[in-house]
There are 2 protein chains.
Amino acid sequence: MALQAYKDLKVRLEKIHDLDRARAVLQWDAWTMMPPGGAEVRAEQVATLERVYHERLTDPDIGRRLEELRSYEETLPPDSDEASLLRITRQDYEKALRVPAGLRAQMARAASLAEHVWEEARARSNFSFFLPHLEEIVALKRRYIECFSDAEHPYDPLLDDFEPGLTTSEVDPVLQGLKGALLPLAAAIADRVDRVDDSCLFGRFPVARQRQLVHGILRQLPYESSSWRVDEAAHPFSTGFCSTDIRITTHYRESFIAPGIFSALHEFGHGLYDGGIDSALERTALSHPSSLGMHESQSRMWENLIGRSREFWSRFYPAVAASFPEQFDGIEMEEFYRAVNKVQPSRIRIDADEVTYNLHVILRYELEREIFEEKLALRDLPEAWNARSREYLGIDIRNDAEGVLQDVHWSEGLFGYFPTYSLGNILSAQFWNALRADIPAVSAQIEEGDFAPLRAWLREKIHRHGRKLTAAEAVEWVTGGPIDPEPYVTYLKRKMGSIYGLDLSTA
Amino acid sequence: MALQAYKDLKVRLEKIHDLDRARAVLQWDAWTMMPPGGAEVRAEQVATLERVYHERLTDPDIGRRLEELRSYEETLPPDSDEASLLRITRQDYEKALRVPAGLRAQMARAASLAEHVWEEARARSNFSFFLPHLEEIVALKRRYIECFSDAEHPYDPLLDDFEPGLTTSEVDPVLQGLKGALLPLAAAIADRVDRVDDSCLFGRFPVARQRQLVHGILRQLPYESSSWRVDEAAHPFSTGFCSTDIRITTHYRESFIAPGIFSALHEFGHGLYDGGIDSALERTALSHPSSLGMHESQSRMWENLIGRSREFWSRFYPAVAASFPEQFDGIEMEEFYRAVNKVQPSRIRIDADEVTYNLHVILRYELEREIFEEKLALRDLPEAWNARSREYLGIDIRNDAEGVLQDVHWSEGLFGYFPTYSLGNILSAQFWNALRADIPAVSAQIEEGDFAPLRAWLREKIHRHGRKLTAAEAVEWVTGGPIDPEPYVTYLKRKMGSIYGLDLSTA
């Protein structure tokens, strides 16, 4: 009886999930394929799907069924698929009930429209052009926050959308601690910035050849063309419509070879996570990574811990050099390895090195907090952005395009999202240490192009669980301890110490 | 009051329409972009959208509101946007109510799955591999037909899905009459088949250069890159998500230049119709062509009446010759013009010439009728197909891939669709005659690449109305008479008579 009731609910939840993934298809299309003329109506279509999804999820009958299944749930192991689906659905249901369907639809519509305005504003480097849309988005977010009147801090409901269960009071000390460790590290390296010459990464790299190179590298990774696509988007992203339909994107620049490669590796890490979730969880709310920090731990692992390692380029540098012989003639692999690891404060977050990247993130996190604490007016955002860029990165921002307009996130209404980038870095090093303890040969395997053991470990330890474990639970399960920035700071000190000839063990 | 009630209903209908267009995005993606691994879950997603659309359209509250607005509707001119939306919505509502949501979802799911099986069956040239899926689809169609117990003929409900208002007893004499005119015409030309040499169309045409050529031609037509995309699909199709987001496809063959060009022109005609519908009808059920025959009248007009005319190639042949100099060295435009108009029975419908094309269509229409009249078992379909190919086209079918498996339609559950291709041909000539009477200079304008007057005429007379007029009403409005195959037969006799040196005026 209870089993049948569970099965009935699951069928219903699968259809609700279909609506969510249909929305994801429409957004993927909007960001990769859609001609600009489609934007206005597409915003309506996305908003409608969002609304119908929300209506169906918050149908009181779902609540009744969840209640009826409580005693069944208690008979099951908490980590069983069934108990997990009931637990997570209840969380989603209760959270969704807080937010009126109309507000959700308005948020979706405002975001869809603002994205295209943001694109134009960035092209014109004109923040004022974007400001009215940002004001609309933030006003809607404030109404969203009001739906969670029991939150300790106005930023908590935003953070919870991306990092379920984690609060501002938990995240803030972690990020401030990271900032405290990174500012002197960046300063120590800054004195020796000329020790690394990355000029080989700049020049002329025809996009068609970059594309061929990147596709060639991906095909040697656990990338299956029968269930993946790689396309191009102004702001690279990844998404998945099921575990065997994974879409990643990258963005090539003709004058700079790094972004096309490292965005692809970054999104590959995301895609591998989406594709590694247990197929038994398909078409349910469990078939997603457990949080954006967890998701980012996988993308940053592939982008940096693997993708900026000596063993990775020992395997793939010959293909790079062969693709652009006029650029890499006489350049040894070691020079390329050092170049892609150069630490140098820059204006654009997605181009930033591993050390200063987190300073970009913390800058955005602090501005977001101040906006929602009503300490910072949106019209003053460019000035605040530029001032903090000078303070943390020693960088003068020359125009809005390379400053406050550089990221797509706010145009999409993604506030509370940025902190997950730094959490991802922290988690990536914790997981990597555990992985190396279990697979001591991993470096040699990467050098040989044997990614199977690495993939199997990631799938077993992290990917397959989907949303069954929270970030904190996953870290506990894999490492036996709590979220801890120390391994990440140690990793940076060791790698950068070696590259820059610094003893950073006491820095 | 009534006005407000109308506006409220319209907002609701817009959201229902969004669900339909979201499904269209998912299908476009499935046919152009999706990796094969996505097929199974995509079928579920499409079925879910179809189901939710149907549920919302058949909500009894829609019926109540339509009833309440009946007296308001009667105060309006029947061709006003408001009266038309109420009339068409009532038709859709009443028709949808006949079909249980579960059956609709099953049909959608079966079609989504069968498409991919069909692709594999065609690749293997193995009808038996596809047969179980076809049986499932036909069994569901029979249940669909049963929902319309008042239909005069079992084929009527199928036809009505594509050609609203037209019945089998109306269409059958038109198609049998057309067959009667075309069989002797094809026979007369067959005696002189060697008068046209089309060997210049065969050889080696690298796809990248074909793509560049076709995109170059499209850019000189009323094709706007800000609201159109052209992609590639196994079976070319077109779709639109709004009047400013038009997606067309084509399919290139390296050894034969015609299909890539003429599929693109065909789909361009469809796209121009979708994009020309009055923007006041956006996001409503009126924002579609009024029938598939009407839709096809536009695609066939661009493919044939324009795209296979001497004036069109007078403008564009130089670009073809320049794209493939090794193929077209020493070939004059006139020879190319004759080649693309060669009449020769062939196995594949989409490669057929203008004369025999309709025999392909009538063959399918007759088989469909016999299937639903229970006169033909599905397992006997290949044999029946091959026998009739011999009879009508004088062609021996050597395997299933070039016979019964050649079209995607049945795998998608599209029965009742084929007759609209021949109706489209008939309508295209009727509209073209009216257009030439209004714009005597149209041939010269095409030769000069000035498509603006032609586009303006099509938009004014045909496109802008969307579903406000039925096919019969549109023909009446444009030509002052009924649907009539005579202009099409006359057009063929005149053009082919000139090319083949035949006096066909009495044939």
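In the predicted model, Arg229(B) lies opposite Arg247(B), a residue of strand 3 of chain B. This pairing concerns strand 1 of chain B, which spans residues 228-232 and runs parallel to strand 3 of chain B, the two being joined by 5 bridges.

Strand 3 of chain B is also paired with strand 2 of chain B (residues 238-242), here in the antiparallel sense and over 4 bridges. Within this second pairing, Ser238(B) has Ile248(B) of strand 3 as its bridge partner.

Strand 3 of chain B, comprising residues 245-250, is mostly covered, with 6 of its 6 residues buried. In a regular strand, side chains alternate between the two faces of the sheet. Both faces of strand 3 of chain B are covered. On one side, Asp245(B), Arg247(B) and Thr249(B) are buried; on the other, Ile246(B), Ile248(B) and Thr250(B) are likewise buried.

With regard to the arrangement of the chains, chain B is superposed on chain A by a rotation of 180° with 0.0 Å of shift along the axis, at an RMSD of 0.0 Å. The two copies are therefore related as by a two-fold rotation axis. The same surface serves both copies, since 100% of the contact residues of chain B recur in chain A.

Definitions and conventions: Residues are numbered from 1 along each chain as its sequence is written. Chains are lettered from A and ligands numbered from 1 in the order in which they are written. This is a predicted model: local features need pLDDT of at least 70, side-chain atom pairs count only at pLDDT 80 or more; totals for chains, interfaces and linings use all residues. Side-chain values use heavy atoms; hydrogens and water are left out. Copies are superposed by least squares on the C-alpha atoms of residues with pLDDT of at least 70 in both. Contact means heavy atoms within 4.5 Å. Buried means under 20% relative accessible area, exposed over 50%, partly exposed in between (1.4 Å probe, protein chains only). Two strands pair if DSSP finds at least two bridges between them.
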